[in-house]
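This report walks through one protein chain, moving from its overall make-up to selected details. Please keep the sequence and the model in view while reading.

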Amino acid sequence: MSKKEVQDKSGVPNATLCLVILVSALIYSVLYGFTRHPLSRESTLSWIGYDYPTSLILWCLLTSTAYFLNLLRLYRCSGCKGKVGLFALYASVFAAPPVVFINDWGWEQTAHLVATAVFVLLNSIALIGYFVYHRKRHWIYLVTAVILAAVMIVCVVVHAAFFKNGLTELIPIWTGLILLYIVNFTNLYPAQMKNTPLQPFEKNSDKTSFYLALFLGVFGAHDFYLKYYSSGLAHFLMTYIGVMVCICRFIGIGNINDIQGERAWLFITCGVAILGGSLAWAFIDAFSLRKSNMNR
């Protein structure tokens, strides 16, 4: 099988694409959330987004894509057919745009809050629904569903009734992203069904390609070595763009416009998230090449 980022016959999203976006979204969400003190009222996602709308749009795009692709992969790989969870999964796509395109001030505030609540609720139902559907496989599935539901409820209640801040918004999001990584890309949950590899390579790989992926993978060196030129170019461009965004503060438009403080932090946040995804991609390839070499 050649190294192509495609879906198999059952429509399972490519594992590498899912993991790269998941890692990028998690890194960006953490750094975005710490633009300001996470326990302050001004640190809520919408408040930061009101001052920096482009950054909020990027956050929503990364987060919603990471949730959708990884939840879809989870449902397809495990054979989960829960109708409520599947409905919530597909409906969440339509709930995401109003979160960032409806203002959080004036008469629109209610619509914004409703859209945000619906977006979080739908993704939570889809994720919890997966664990409930497979509760008979092992006791850990039902326990995870209960804990995840409790985390969501506590954060929502604290945020709405007592202490509105960025941390109570972000904890459920971080929890969901981390849990998606665990169930999709580790063997910590028993009786899981996996039907697509992380990144298949042809048998012409060798130890050299493994070391290239391990140490120079962020530049696509192993892809060029194995003559996967399109993947190598894409990987190199991803790293290149990440570096350029990180140093924008000191060169070009960043220097001319004297970008400082929170604006500079958000530029770096975006760049680090891109580089994090590129690094995850390189490690995936290195792991796959090592496994391929061991099986030869």
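## Helices and strands

The protein chain has 12 helices and 0 strands, where helices (H or I, at least four residues) and strands (E, at least two) are DSSP runs numbered from the N terminus. Read along the sequence, the pattern is accordingly α-α-α-α-α-α-α-α-α-α-α-α.

This is a predicted model, in which local features need pLDDT of at least 70 and side-chain atom pairs count only at pLDDT 80 or more, while totals for chains, interfaces and linings use all residues. Residues are numbered from 1 along each chain as its sequence is written, and side-chain values use heavy atoms, with hydrogens and water left out.

## Burial, surface and contacts

Of the 296 residues in the protein chain, 49% are buried, a term that means under 20% relative accessible area, with exposed set at over 50% and partly exposed in between (1.4 Å probe, protein chains only). The accessible surface of the chain comes to about 15000 Å², and 71% of that surface belongs to carbon and sulfur atoms; the areas come from the Shrake-Rupley method with a 1.4 Å probe, and for residues only the protein chains shown count as cover.

Among contacts (heavy atoms within 4.5 Å) between residues at least 6 apart in sequence, 69% join residues at least 24 apart.

## Helix 3 against helix 4

Helix 3 (residues 53-78) and helix 4 (residues 83-101) pack with their axes 10 Å apart and at an angle of about 175°; the axes are lines fitted to C-alpha atoms, for helices over the stretch in contact, and angles run from 0 to 180 degrees between N-to-C directions. Helix 3 is therefore roughly antiparallel to helix 4, since angles over 145 degrees count as roughly antiparallel, under 35 as roughly parallel, 65 to 115 as roughly perpendicular and the rest as oblique.

Residues making this contact include Leu 56, Phe 68 and Arg 76 of helix 3 and Gly 85, Val 93 and Phe 101 of helix 4. By class, the contact has 14 nonpolar, 2 polar and 1 charged residues, with Ala, Val, Leu, Ile, Met, Phe, Trp, Tyr, Cys and Pro counted as nonpolar, Asp, Glu, Lys and Arg as charged, and the others, Gly among them, as polar.

## Cysteines

The structure holds 0 disulfides, a disulfide being a pair of cysteine sulfur atoms within 2.5 Å. Cys 246 is in no disulfide, and the nearest cysteine sulfur, that of Cys 270, is 8.2 Å away. Cys 246 is buried, at 16% relative accessible area, and Cys 270 also counts as buried, at 19%.
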